[in-house]
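Hi everyone, thanks for making time for this one. Please have the sequence and the 3D view open while I talk, and follow along with me.

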Amino acid sequence: MLASAAMISGEMGRVQAVGLEPTDSPESFAERVEAAIDAGRPTLVLTDLYGGTPHNVVCAMARHHDVRCISGVNLGLLLEALTTTDALDDALVERLLPVARDGIVDSTGRLSLSRD
Amino acid sequence: MGLRLVRVDDRLIHGQVATIWLKAVGASRVIIVDDRTARDDFLREVIELAAPAGVAVEIHDVATGAQRMKEASQAAEAAFVLMRSPTTALQLREAGVAFDVLNIGGIGAGPDRKPLYRNISASQAELEAMRRLEQMGTRVELRIVADDKPVAFSSVDRG
């Protein structure tokens, strides 16, 4: 997903992907997320499944770290997050959520022409 | 109905995995036995947030969990029990909770753990807990997803 984002938006700022491996424990995964976040700066974390282990681990980290987690990541959301210059606050998160949702469309269903 | 599945998974409830297992065993109640989570309101909330809609979740320490499992084993409703480690399962068994099968679903790598089978690792204490459970009459089976065939712990234990 980062490679696709780079293809579209070119140079990317401070962004890292942290993958959950089949052999990971929640603790070993949390260590890699902690290594990836910038201590002292707010970090936006985008996870795929709501309720999945990356989501659960990041939510648990929010107690001690300045992280915001949005689940249901898609490329549209990632691009919007990468290109914004706004500070990471509630208002930014509120603006990002509809971007992610609006990227989910019944695309062929919108075609007005019927098939041959 | 009672206890439909007693499972070790160090991620506890996580995403679709919980949904699939709940469907596979026909349970709508999850009993989590984990001292650390039970005593930490913040972690409790994170776990409750991860639960699929319409599923009742209880989080208990070992003492209360043992009591709840005994009650749930007699109840009409089917329950699914989750814990992080086989050592917790042994504590429950020693507290008088009867269960015929312990499902080992996920134990990630850690500093004291060695690979056991596929992506499942175990520490020396966890291996010993599983051996003790087998001696006490609980069959320990490794089964990561519901579609997998269960593999007997005794067949992969080299200790």
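Let's start in the loop between E1 and H1 of chain B, where you will find Leu12(B). This is a predicted model, so please keep that in mind for everything I say. Leu12(B) is not a glycine, yet its phi is positive, at about 50°. Is Leu12(B) buried or exposed? Leu12(B) has 27 other C-beta atoms within 10 Å, and 20 or more is what we ask for, so Leu12(B) counts as buried.

Now move along to a second residue of this kind. Arg118(B) sits in the loop between strand E6 (113-117) and strand E7 (120-123) of chain B. Arg118(B) is a residue other than glycine too, and its phi is positive, near 45°. The surroundings of Arg118(B) come to 13 C-beta neighbours inside 10 Å, so this residue counts as partly exposed.

Let's look at two glycines as well. Gly54(B) belongs to the loop between helix H3 (41-50) and strand E3 (56-60) of chain B. Gly54(B) is exposed, because 7 other C-beta atoms lie within 10 Å of its own, and 12 or fewer is the limit for that word.

The largest nonpolar core has 58 residues, and Phe80(B), Val81(B) and Ala89(B) have the most contacts inside it. Strand E4 of chain B, residues 78-83, gives the largest share of this core, with five residues. Let's pick Val81(B) and see what it touches, leaving aside neighbours within four places in sequence. Val81(B) is in contact with Leu3(B), Leu5(B), Val6(B), Arg7(B), Ile31(B), Val33(B) and Met69(B).

Zoom out now to chain B as a whole. Chain B has seven helices and nine strands. Its C-alpha atoms fill a box of roughly 40 × 30 × 30 Å along the principal axes. What radius of gyration would a compact globule with 159 residues have? It would be near 15 Å, and chain B has 15 Å, so the two agree. Of those 159 residues, 41% count as buried. If you take contacts in chain B between residues at least 6 apart in sequence, 70% of them join residues at least 24 apart.

Chain A contains five helices and two strands. Reading from the N terminus, the order of its elements is α-α-β-α-β-α-α. The box for its C-alpha atoms, again along the principal axes, is roughly 55 × 35 × 25 Å. Chain A has 116 residues, and 19% of them count as buried. For contacts in chain A between residues at least 6 apart in sequence, 56% join residues at least 24 apart.

Inside chain A, I'd like you to find a pair of helices. Two packed helices are described by the angle between their axes and the distance between those axes. H2(A) and H3(A) pack at about 65°, and their axes are 10 Å apart. The crossing of H2(A) past H3(A) is right-handed. From H2(A), Pro26(A), Phe29(A), Ala30(A) and Val33(A) meet Thr53(A), Pro54(A), Val57(A), Val58(A) and Met61(A) from H3(A). By class, this helix contact has eight nonpolar residues, one polar residue and no charged ones.

Last stop: where the chains meet. How many residues does each chain bring to the contact? Chain A brings 15 residues and chain B brings 14. On the side of chain A, the elements giving two or more residues are helix H2 (26-36) and helix H3 (53-61). H3(A) supplies the largest share of that side, four residues. Sorted by class, the side of chain A that touches chain B has five nonpolar, seven polar and three charged residues.

That's my tour, so let's take questions.

How values were computed: Residues are numbered from 1 along each chain as its sequence is written. Chains are lettered from A and ligands numbered from 1 in the order in which they are written. This is a predicted model: local features need pLDDT of at least 70, side-chain atom pairs count only at pLDDT 80 or more; totals for chains, interfaces and linings use all residues. Two residues are in contact if their C-beta atoms, placed from the backbone, lie within 7 Å. Ala, Val, Leu, Ile, Met, Phe, Trp, Tyr, Cys and Pro count as nonpolar, Asp, Glu, Lys and Arg as charged, and the others, Gly among them, as polar. A nonpolar core is a set of buried Ala, Val, Leu, Ile, Met, Phe, Trp, Tyr and Cys residues joined through C-beta atoms within 7 Å. Axes are lines fitted to C-alpha atoms, for helices over the stretch in contact, and angles run from 0 to 180 degrees between N-to-C directions. A crossing is left-handed if the near helix is turned anticlockwise from the far one by less than a right angle, and right-handed if clockwise. The radius of gyration is taken over C-alpha atoms; the globule rule is 2.2 Å times the number of residues to the power 0.38.
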